[in-house]
Amino acid sequence: MNRKKMTLARHVLEQQKYSPKATGELSSLLIQLGLAAKTIVREVSRAGLVNILGLTGETNVQGEAVKKLDRFANEVFVEAFGYGGLLCTLISEEMEKPLHLPENCPQGHYTLLVDPIDGSSNIDVNGIFGSIFSFQKRPEGEAHGTPEALLRKGSEQIAAGYIMYGPSTMLVYTVGSGVHGFTLDPGVGEFFLSHENIRIPTRSRAYSVNQGNYRRWAPEVQRLVDDFSGRGDEGERGYALRYAGSLLADIHRILLEGGIYLYPGSLDQPEGKLRLLYEAAPLALVVEQAGGRASTGTESILALQPKNLHQRVPLFIGSPEEVARAESFIRSRRRKGINDSGGERLP
Ligand code: P6P
């Protein structure tokens, strides 16, 4: 593919050739995603000027303060997919319940699960943040809105990816045939293929974690992070610590340079902080499609059966060798019952 002229729309349509049963519906949805991204980035680039920074004064279903851009981005996704008859249901971090789009239900077969702005704490300091998306297709015969139709495993995602608002705006997606990155040319208003078939390095000495949570972790996780930071038993040189405060920004760096991101469970929040359906699962599909791994520390993220829409899940994700090392480290120390810091054991 001549990447210099390969727009997102053309690439999505080209990818359709690999899916004999493709009806073009998903292609239309992914192309619409590009519109949503451009709408958000137009506001983001002026955020400091158009009073879109700061808090709305409300809290979301997670009990987190809602930033004005969180609310704006959520409305952009509702608007972008509210017509066309394809997307029946929108599930968002910013909405407690699923939104069934009246013009598109029940004929629309697709569900979009989205974190409209991941890393919103970075907004007011001009840091990197983005949107994470996942498309699921309602099984034949399932009524829209039922748990069976909404609570689908990550392995059943039809497409997933993220939009990153950084020095350049990028859209990275997979439909199950590799991972492809597009960079927005603001002059043209188009996303052009810039990172074709991204493959994650099998290992790299870099890790992403909020070290400030150290005392809240189980002992085996503390020992693992000690190891990464060079304070482990083996006395090996430590890994480089990189932590952007935005999951997708850390994942994007790890996709290109390798490493591991971890947000473990803690004694007071055993399920961790990150949401399964619209954070961990879409990024797990992207990373695994690029040759990486995504785990709870003991189970594959993509194999988990969600119990509820806003379910949280511990996350260890990145280069396959680093994730495997983390899993075996945790498993071995749990087996030995190492509890030298006196902390309680996580489930
Ligand atoms: P902490 C952002 O709120 C987020 O969901 C991820 O994007 C990010 O990696 C993590 O939480 C940061 O959480 O507890 O380190 O501030």
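## A buried aspartate and its surroundings

Aspartate 118 is buried, with a relative accessible area of 6%. Buried means under 20% relative accessible area, exposed means over 50%, and partly exposed falls in between; the probe is 1.4 Å and only protein chains count.

The model is predicted: local features need pLDDT of at least 70, side-chain atom pairs count only at pLDDT 80 or more, and totals for chains, interfaces and linings use all residues. Residues are numbered from 1 along each chain as its sequence is written, and side-chain values use heavy atoms, leaving out hydrogens and water.

**The annotated site**

Aspartate 118 sits in strand 5. Strands (E, at least two residues) and helices (H or I, at least four) are DSSP runs, numbered from the N terminus. Beyond four places in sequence, aspartate 118 touches Phe129, Gly130, Ile132, Ser246, Leu247, Leu248 and Glu279. Contact here means heavy atoms within 4.5 Å.

Which residues does the UniProt annotation "binding site" cover? The unreviewed entry lists Asp115, Asp118 and Glu279. They span 165 residues in sequence, yet no two of their C-alpha atoms are more than 8.4 Å apart, so they gather at one spot. UniProt positions follow the numbering used here, feature names are shortened, and annotations may be inferred rather than shown by experiment.

Aspartate 115 also belongs to strand 5, which runs over residues 110-118. Aspartate 115 is buried, at 1% relative accessible area. Setting aside neighbours within four places in sequence, aspartate 115 contacts Glu93, Gly130, Ser131, Ile132, Tyr278 and Glu279.

**Around the ligand**

The residues around the ligand include Asp118, Gly119, Ser246, Leu247 and Glu279. A residue is near a molecule if one of its heavy atoms lies within 4 Å of it.

The shell divides into 5 nonpolar, 4 polar and 3 charged residues. In that scheme Ala, Val, Leu, Ile, Met, Phe, Trp, Tyr, Cys and Pro are nonpolar, Asp, Glu, Lys and Arg are charged, and the others, Gly among them, are polar.

| Side chain | Distance to a ligand oxygen atom |
|---|---|
| Asparagine 210 | 2.9 Å |
| Tyrosine 261 | 2.7 Å |
| Lysine 273 | 2.9 Å |

Taken alone, the ligand exposes 400 Å², and the protein buries 80% of that. Accessible areas come from the Shrake-Rupley method with a 1.4 Å probe; for residues, only the protein chains shown count as cover.

**A covered helix**

How many residues of helix 5 are buried? The count is 10 of its 10 residues, spanning 219-228. Among them are Glu220, Gln222, Arg223, Leu224 and Phe228. The cover over helix 5 includes strand 11 (206-208), strand 13 (260-263), strand 15 (315-318) and helix 8 (320-336). Just after helix 5, glycine 230 takes a positive phi of about 85°.

**Backbone exceptions**

Most residues other than glycine have a negative phi, and most peptide bonds are trans. Asparagine 126 has a positive phi near 55°. Asparagine 126 lies in the loop between strand 5 and strand 6 (129-137). Is asparagine 126 buried or exposed? At 74% relative accessibility, asparagine 126 counts as exposed.

Asparagine 197 also has a positive phi, of about 50°. Asparagine 197 sits in the loop between strand 10 (190-195) and strand 11. Asparagine 197 counts as partly exposed, at 39% relative accessibility.

Cysteine 105 and proline 106 are joined by a cis peptide bond, with omega about 0°. Proline 106 belongs to the loop between strand 4 (99-100) and strand 5.

Cysteine 88 is in strand 3, residues 87-92. Cysteine 88 is buried, at 0% relative accessibility. Its contacts beyond four places in sequence include Cys105 and Pro106, the cis pair. Tyr110 is another contact of cysteine 88.

Serine 120 is in the loop between strand 5 and strand 6. Serine 120 counts as buried, at 16% relative accessibility. Not counting residues up to four places away in sequence, serine 120 touches Lys67 and Asp70.

Terms used: Polar contact = N/O pair within 3.5 Å; in protein donor to acceptor, adjacent residues only side chain to side chain.
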